[in-house]
Amino acid sequence: MTGDEKRLAVVIGLIVVTIMLSVMVVSTVQYGFAKGYLLAVLHAYLLFQIFNVFDMVVIDWGTLLLINPSNPPIAGTEDASGWRDYRFHALASLKGALLGIPFAASAAGVAWVIATFIATR
């Protein structure tokens, strides 16, 4: 990737993570903490998994179906072995599932702070 493409990837990544975290926090605040923090973390984790599975099935695998390996979107990668590699994206999704645990715990923590602030008002 060129320098501009790398910067754009970082900006888009930050936007996606911000949206995902915001949805998790708002939903967890609305879910509440009456049943405990661990269930709130589980709630946030399940939301993260919805994003994760959508990314794997719709974005990754869906894109692989549309890519012509002899005319790929990235010039110079015509002979790359990774085109149509569904296993690679499935393994990346499993890694994402593990990454989701601390991400969900953080989202639930932020939600708890917000819920506590709202409750004291």
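What follows is a set of questions and answers about how the terms used for this predicted model are applied.

User: How do you know which residues and atoms the values rest on?
Analyst: This is a predicted model, in which local features need pLDDT of at least 70 and side-chain atom pairs count only at pLDDT 80 or more, while totals for chains, interfaces and linings use all residues. Residues are numbered from 1 along each chain as its sequence is written, and side-chain values use heavy atoms, with hydrogens and water left out.

User: What makes up the protein chain, in helices and strands?
Analyst: Helices (H or I, at least four residues) and strands (E, at least two) are DSSP runs, numbered from the N terminus. By that definition the protein chain has 3 helices and 0 strands, and its elements run α-α-α from the N terminus on.

User: Why is the protein chain called more spread out than a compact globule?
Analyst: The radius of gyration is taken over C-alpha atoms, and the globule rule is 2.2 Å times the number of residues to the power 0.38. For 121 residues that rule gives 14 Å, whereas the protein chain has a radius of gyration of 18 Å, well over that value, and it is therefore described as more spread out than a compact globule. Along its principal axes, the C-alpha trace spans about 60 × 30 × 20 Å.

User: How do you know that the span of H3 is close to what is expected?
Analyst: The expected span of a helix is 1.5 Å times one less than its number of residues. Helix H3 (residues 86–119) has 34 residues, and its reach of 46 Å from first C-alpha to last is close to the expected 50 Å. For H1, with 29 residues, the reach is 42 Å and the expected value is 42 Å, and for H2, with 30 residues, the reach is 42 Å against an expected 44 Å.

User: What makes Gly 100 the place of a kink in H3?
Analyst: The bend at a residue is the angle between axes fitted to the seven residues ending there and the seven starting there. At Gly 100 in H3 there is a kink of about 30°, and it lies shortly before the proline Pro 102. In H2, a bend of about 30° is found at Asp 55.

User: Why is Thr 28 called buried?
Analyst: Buried means under 20% relative accessible area, exposed over 50%, and partly exposed in between, with a 1.4 Å probe and protein chains only. Thr 28 has 0% relative accessibility, and therefore counts as buried. Thr 28 is found in helix H1, where the buried residues are Met 20, Met 24, Val 25, Ser 27 and Thr 28.

User: What is Thr 28 in contact with, leaving aside its neighbours within four places in sequence?
Analyst: Contact means heavy atoms within 4.5 Å, and on this basis Thr 28 is in contact with Phe 33, Ala 40, His 43, Ala 44, Ala 108 and Ala 111. The cover over the buried residues of H1 includes H2 and H3.

User: What makes the pair of Thr 28 and Met 24 a polar contact?
Analyst: A polar contact is a pair of N or O atoms within 3.5 Å; within protein, one must be able to donate a hydrogen and the other to accept it, and residues adjacent in sequence count only if both atoms are side-chain atoms. A polar atom of the Thr 28 side chain lies 2.6 Å from the backbone oxygen of Met 24. At the start of H3, a side-chain oxygen of Asp 85 comes to within 3.4 Å of the backbone nitrogen of Arg 87.

User: Why does Asn 52 count as buried, and what does Asn 52 touch?
Analyst: Asn 52 has 10% relative accessibility, so it counts as buried, and its place is in helix H2. Not counting residues up to four places away in sequence, Asn 52 touches Ser 93, Gly 96 and Ala 97. A polar atom of the Asn 52 side chain lies 2.9 Å from the backbone oxygen of Ser 93.

User: Why is Asn 68 called partly exposed?
Analyst: Asn 68 has a relative accessible area of 41%, and is therefore partly exposed. Asn 68 has its place in the loop between H2 and H3.
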